[in-house]
Amino acid sequence: MLEDVATTNATATTRDARGAGARTTLDGLRALDAAWAKMRRGDATATATATAAFAKRREGASDARGETYDVAVAGGTLGVLVAAALQRRGARVVVVERGELRGREQEWNVSREELERLVRVGAITTEDADACTRIEFNPIRCGFHGGGNGNGNAGDLVTRDILNTGVSPAALVEACRKRFEEAGGAVLERASLRGVEVYDDCAVLDVDGAPVRARLVLDCMGFQSPIVRQSETIENRTACASSSEVAPRRTRSTTRRRI
Ligand SMILES: Cc1cc2nc3c(=O)[nH]c(=O)nc-3n(C[C@H](O)[C@H](O)[C@H](O)COP(=O)(O)OP(=O)(O)OC[C@H]3O[C@@H](n4cnc5c(N)ncnc54)[C@H](O)[C@@H]3O)c2cc1C
């Protein structure tokens with residue numbers, strides 16, 4: 001089916017940021033399709049085993065040198081929103097993103113109230129929210145195949161103020177990143193997290209071979225996160241634990257677990 005799409009796909013020429021739902025190009029869809037096929041074949045467990053040692057518990061104090069951040073956010077695109085909010089509460093935060101830290105070109109649909117929440121937690125300002133808003137529309141009519149609304153009632157469902165705002169992820173992430181960095185936040189871009197060792201005094205992230213120390217690691221690496229995969233194998237859930245914790249962030253595609 002994807003090959004059929006290839007002949008007509010207008011988005012195949014757009015840049016793919018690879019994060020935050022950015023997989024809008026044909027290559028991105030192919031990668032998702034391959035991942036889905038792998039899951040259906042039951043290969044997911046094999047992958048989990050392969051990444052089992054991503055986060056490890058170590059005894060004693062770390063001898064890694066350098067500044068200790070309060071929080072290291074792994075996975076930048078949506079992670080920078082979390083990072084900025086924590087920074088506003090006084091935390092010293094570093095973001096580690098293996099690709100470019102930017103939002104996708106294709107709009108996100110969001111309710112204005114959800115956007116306001118990002119303002120309330122300090123990730124963006126009201127001016128940023130207004131500037132990244134490309135369109136607002138009301139009402140939205142939800143039609144159902146066969147004419148029913150799923151509850152046995154016929155007819156369409158009409159909603160107001162729900163997912164009725166189109167925002168530019170590129171503008172949103174850029175504005176958030178700018179404020180984050182201006183306030184002293186650190187961004188390590190095109191830098192891959194390769195593993196985490198949790199000591200008694202801090203966690204040490206292996207970022208392309210260089211150590212980064214943090215008191216808390218937040219996993220914003222998405223549904224293919226190696227930390228989530230590790231936590232999905234029962235025998236590895238206890239592999240690292242806590243004076244410093246490694247916590248997958250809850251997104252639409254992952255559930256929050258502590259390992
Ligand atoms: C305001 C708002 C509106 C939204 N509206 C929509 C919408 O209309 N439609 C929609 O589909 N979604 C929407 N979303 C959802 C958003 O696109 C998804 O929540 C997001 O894509 C989550 O995907 P993911 O968890 O798979 O993370 P991903 O998108 O996969 O991001 C994971 C990030 O981690 C990085 N990463 C991975 N591994 C490593 C590593 N080892 N080291 C360093 N970095 C790494 C990746 O490069 C990537 O940037 C919206 C989100 C927001 C905040």
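## Strand S3 and its partners

Strand S2 (residues 68-74) and strand S3 run parallel and are joined by four bridges. Strands here are DSSP E runs of at least two residues, helices are H or I runs of at least four, and both are numbered from the N terminus. Two strands pair if DSSP finds at least two bridges between them. From S2 the chain crosses through helix H4 (residues 79-88) to S3, a right-handed β-α-β crossover. Right-handed means that, with the strands pointing away from the viewer, the path from the first strand over the helix to the second runs clockwise. Ala74 stands opposite Val96 in S3.

S3 also runs parallel to strand S9 (residues 186-189), again through four bridges. Here Val96 stands opposite Leu188.

## Model and numbering

This is a predicted model: local features need pLDDT of at least 70, side-chain atom pairs count only at pLDDT 80 or more, and totals for chains, interfaces and linings use all residues. Residues are numbered from 1 along each chain as its sequence is written.

## Burial of S3

Five of the five residues of S3 (residues 93-97) are buried, so the strand is largely enclosed by the rest of the structure. A residue is buried if 20 or more other C-beta atoms lie within 10 Å of its own, exposed if 12 or fewer, and partly exposed in between; C-beta atoms are placed from the backbone. Val93, Val95 and Glu97 point one way from S3. Val94 and Val96 point the other way.

## The nonpolar core

The largest nonpolar core has 49 residues. Such a core is a set of buried Ala, Val, Leu, Ile, Met, Phe, Trp, Tyr and Cys residues joined through C-beta atoms within 7 Å. Ala72, Cys176 and Leu205 have the most contacts inside this core. H4 gives the most to this core, with seven residues. Domain 1 (51-102 + 179-259) and domain 2 (106-167) both contribute residues, so the core lies between them. The domain bounds come from an automatic or database domain assignment.

Leaving aside neighbours within four places in sequence, Cys176 is in contact (C-beta atoms, placed from the backbone, within 7 Å) with Val80, Leu81, Ala84, Ala123 and Ile124.

## A three-stranded sheet

An open sheet has the order S4-S8-S5, with antiparallel pairing. Strand S4 (108-110) and strand S5 (133-136) are its edge strands, each pairing on one side only. Three bridges join S4 to strand S8 (residues 165-167). In this pair, Val110 stands opposite Thr165.

How values were computed: Two residues are in contact if their C-beta atoms, placed from the backbone, lie within 7 Å.
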